[in-house]
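Take a look at it first, then read on.

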Amino acid sequence: MKLFVRAAAVAAVVGLGLAACSANNAGGGSDSGAPADGTAAVKAKELTIWSNSADAPYVRDAYKNFGQKFGVKINLVEAPADDLNWVPTRWASGDRPDILEYNATALFWSLNPAANMIDLSNMPYVKRSGDIYKNAGSFNGKVYAAITVGPGQFGMYYNRKVLADAGLGAPKTFADVENICTTLKQKAPGVSAIYEAGGSQFPAQIQIIDYLASVESQQGYSDQLLAKKAALDDPQGPFVAAVTEYKKLQTMGCFNGDATTAKTEASYKALADGKAALLPQNTSVLPQLTAVYSKDLAKTSAAIGWATPSATGATAAWSPSYNGTWYLPKTGKGDRESTALAFLQWITTDGYQAYLTQTQRFPALSGAQAAAPTGLVQEFTNSYAGPKALAVNSNLVGFSAQFPTIMTGVLSGQYTPLQAGELAQKALAQGAKAARMAGW
Amino acid sequence: MSETTYPAGDTVTADHREPEIPVPPKRRRPRRRAGWWPFIVPAFILVAGFFTVPFLLNIRFAFTDWSGYSDVISFNGLDNFRSLIDQGILWQSIKVTLLYAVLAMLVQNAFSLSMALVLQRSDRINGFFRSFFFLPVLIAPVAAGYIWGAILAPHGPLNNFISLFSPGFDYAWLGHGTSALICLSFIDAWKWSGLVTLVYIAGLNSVPQPLIEAATIDGANPWQRFWRIRFPLLAPALTFTVVTTMLGAINAFDLVQATTRGGPGTATNVLNIAMFNQYGSGFFGSASSLNLVVTILVIVLGLPLITYLRRREVEA
């Protein structure tokens with residue numbers, strides 16, 4: 001019996017000690033020393049990649065082409081596109097892929113990049129990327145992401161025929177959106193002006209991002225928020241105004257009847273079928289939209305248009321796309337880290353032109369020629385060439401993760417716009433404090 | 001001639017023992033065998049490794065600023081709880097969890113007891129229905145959530161059926177806070193009622209038949225036989241089902257995540273969903289705080305509930 005008690009005590013102490021140590025390490029892998037300067041070689045025969053279920057075809061083809069060219073077997077693990085918690089929760093458990101496909105917004109800060117990711121600041125592609133890493137994919141001055149295609153944009157897809165039949169044009173402001181709603185109620189009562197997919201949570205934030213694009217462009221709103229020169233809960237501030245406008249549109253009956261439960265999967269068909277006139281979304285969902293038209297971009301573009309309405313004028317809210325944005329976690333496995341670095345080197349140099357042509361997007365890196373854009377892609381290019389601003393939530397750490405939940409609360413009537421502002425400000429404070437940002 | 005049975009088991013006639021002095025029975029202490037403890041080690045290691053140690057560590061982390069943003073973990077007192085209260089997460093989640101748990105427990109037990117009374121007799125038809133109602137127990141909670149999410153959609157089968165009587169009916173059952181919570185409780189009840197029904201059937205079958213027959217002869221009607229005899233004697237089964245359904249519902253996660261993800265807003269944001277969201281946002285300290293709240297809630301509710309129900313068993 002004494003022996004048992006002693007053994008139990010020793011086991012408990014050892015267990016507590018081990019668990020405490022592992023918590024402090026937070027699952028961080030060691031750096032294997034593979035050169036992150038563009039000279040890494042393919043050494044492993046296998047790579048594990050955490051991808052996204054809504055990957056564009058060109059992303060999957062990039063993996064396939066690299067695998068075939070270098071004889072590397074690619075194991076894809078898919079994260080559900082609408083589950084923002086999938087990567088962080090797996091990451092927190094200590095699980096690591098060799099390559100992580102993820103957002104280049106403040107969301108990746110919670111993965112503790114300084115401890116867990118390879119510093120890519122000296123990779124040659126960084127110098128060919130302009131100043132994108134000032135706003136995205138970096139933390140505390142170090143680059144951790146490889147952003148390989150031009151940013152995605154938030155805006156609204158619209159059904160050309162529905163608007164044309166009612167004598168309406170693409171919206172440039174939210175006043176235009178209100179007008180579309182009012183007119184359609186009279187001329188096409190069976191059509192919802194806006195398709196809101198609140199059941200998928202993520203889309204519920206897009207109209208606010210759209211609305212605030214011009215404010216961000218004119219005032220640098222998110223920088224003011226991070227510097228505490230503005231607050232999301234200011235009753236007279238832009239955020240509360242944006243949510244108030246959103247609520248007004250809902251109260252006017254501009255949303256689909258099932259706005260609180262509708263899912264994104266159903267939204268593309270609803271727009272294509274003319275059951276909704278406007279679909280707030282991101283340019284990155286173009287593959288899902290074209291899928292409704294048998295993957296025919298020309299056919300899709302003939303039926304669907306792209307608009308970037310904001311508070312005061314057409315302004316694109318851009319955000320780095322998770323499609324073609326990669327991080328390299330430290331795994332401590334030298335051969336695999338080297339091979340993952342070689343993948344980045346290849347996709348940003350020898351493989352880049354073919355890859356870029358297939359993406360049909362404008363390049364994020366200099367030295368390559370984009371394919372001549374057509375149809376909707378041309379519209380994306382045009383809107384990006386016009387007035388634009390970084391999507392307001394991109395670097396609002398803490399807030400960006402809670403934003404969809406807060407907005408579904410507004411949608412369901414649980415929160416007033418001011419309450420939403422208060423919750424948003426508190427979420428920002430929690431995140432900024434955790435990220436140890438100056439002044440928080 | 002009366003007989004007395006002594007502890008040792010000898011039976012003697014009373015006439016040969018006078019005067020009779022009651023002898024206190026000698027309790028023989030069970031002999032301890034030296035080799036018992038190896039049998040307990042595997043269970044001990046499992047419980048210690050997967051429950052006790054994580055639980056103790058979690059208490060510590062609940063009062064730290066542990067997050068995914070940094071390697072440094074510092075003690076921060078009650079900051080996590082303050083932050084959760086400030087953000088309207090803590091009290092809202094406790095309220096939602098308690099409402100959900102009580103509703104789920106009531107619906108599950110009321111439905112299951114009714115089903116048990118109907119299906120108590122063992123015959124082929126009842127056997128079929130017992131199996132039929134047990135099927136949802138075998139379905140994964142996530143799958144159940146998706147199935148019911150589709151059934152309750154505004155243009156789903158339920159509303160289509162109601163539309164036969166009330167054309168154009170398209171109420172979003174999961175899109176309004178109150179109805180979403182009630183629906184979740186019913187889905188939980190649907191999921192687990194088959195199992196609880198079996199427990200109640202076992203309880204009903206353990207009620208001595210002569211008691212029922214005697215009550216019938218004495219003129220008790222079916223309701224009186226149920227309420228005055230069978231229900232009190234069901235106390236052990238009731239204790240088990242009430243406690244497991246209630247505490248099980250407090251730990252709800254997968255069903256809610258698959259059906260509403262805690263929405264709309266935070267209307268169905270039970271504690272485990274709130275914890276998952278904090279964890280997913282990289283706020284591990286706050287997630288640990290919520291985990292501690294779940295544990296405290298289970299203890300604070302579970303212990304008095306079990307004590308009360310066990311006392312009731314004795315009285316019954």
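What follows goes from the chains one by one to the place where they touch.

A word on the ground rules: this is a predicted model, in which local features need pLDDT of at least 70 and side-chain atom pairs count only at pLDDT 80 or more, while totals for chains, interfaces and linings use all residues. Residues are numbered from 1 along each chain as its sequence is written, and chains are lettered from A and ligands numbered from 1 in the order in which they are written.

**The two chains**

Let's start with a side-by-side view. Helices (H or I, at least four residues) and strands (E, at least two) are DSSP runs, numbered from the N terminus. A residue is buried if 20 or more other C-beta atoms lie within 10 Å of its own, with C-beta atoms placed from the backbone. Two residues are in contact if their C-beta atoms, again placed from the backbone, lie within 7 Å.

| Item | Chain A | Chain B |
|---|---|---|
| Secondary structure | 18 helices, 13 strands | 13 helices, two strands |
| Buried residues | 54% of 440 residues | 35% of 316 residues |
| Contacts at least 24 apart, among those at least 6 apart | 80% | 69% |

**Chain A and its domains**

Chain A splits into domain 1 (31–151 + 320–365) and domain 2 (152–319 + 392–434), with bounds from an automatic or database domain assignment. The centres of these domains, over C-alpha atoms, are 29 Å apart. Where they touch, domain 1 of chain A brings 14 residues and domain 2 of chain A brings 18. The domain 1 side has ten nonpolar, three polar and one charged residues. Here Ala, Val, Leu, Ile, Met, Phe, Trp, Tyr, Cys and Pro count as nonpolar, Asp, Glu, Lys and Arg as charged, and the others, Gly among them, as polar.

**Where the chains touch**

How many residues of chain B are in contact with chain A? There are 41, and they meet 43 residues of chain A. On the chain B side, the elements giving two or more residues are helix H1 (37–61), helix H2 (79–86) and helix H12 (271–280). H1(B) gives the most, with eight residues. By class, this side of chain B has 19 nonpolar, 18 polar and four charged residues.

Technical notes:
A residue is buried if 20 or more other C-beta atoms lie within 10 Å of its own, exposed if 12 or fewer, and partly exposed in between; C-beta atoms are placed from the backbone.
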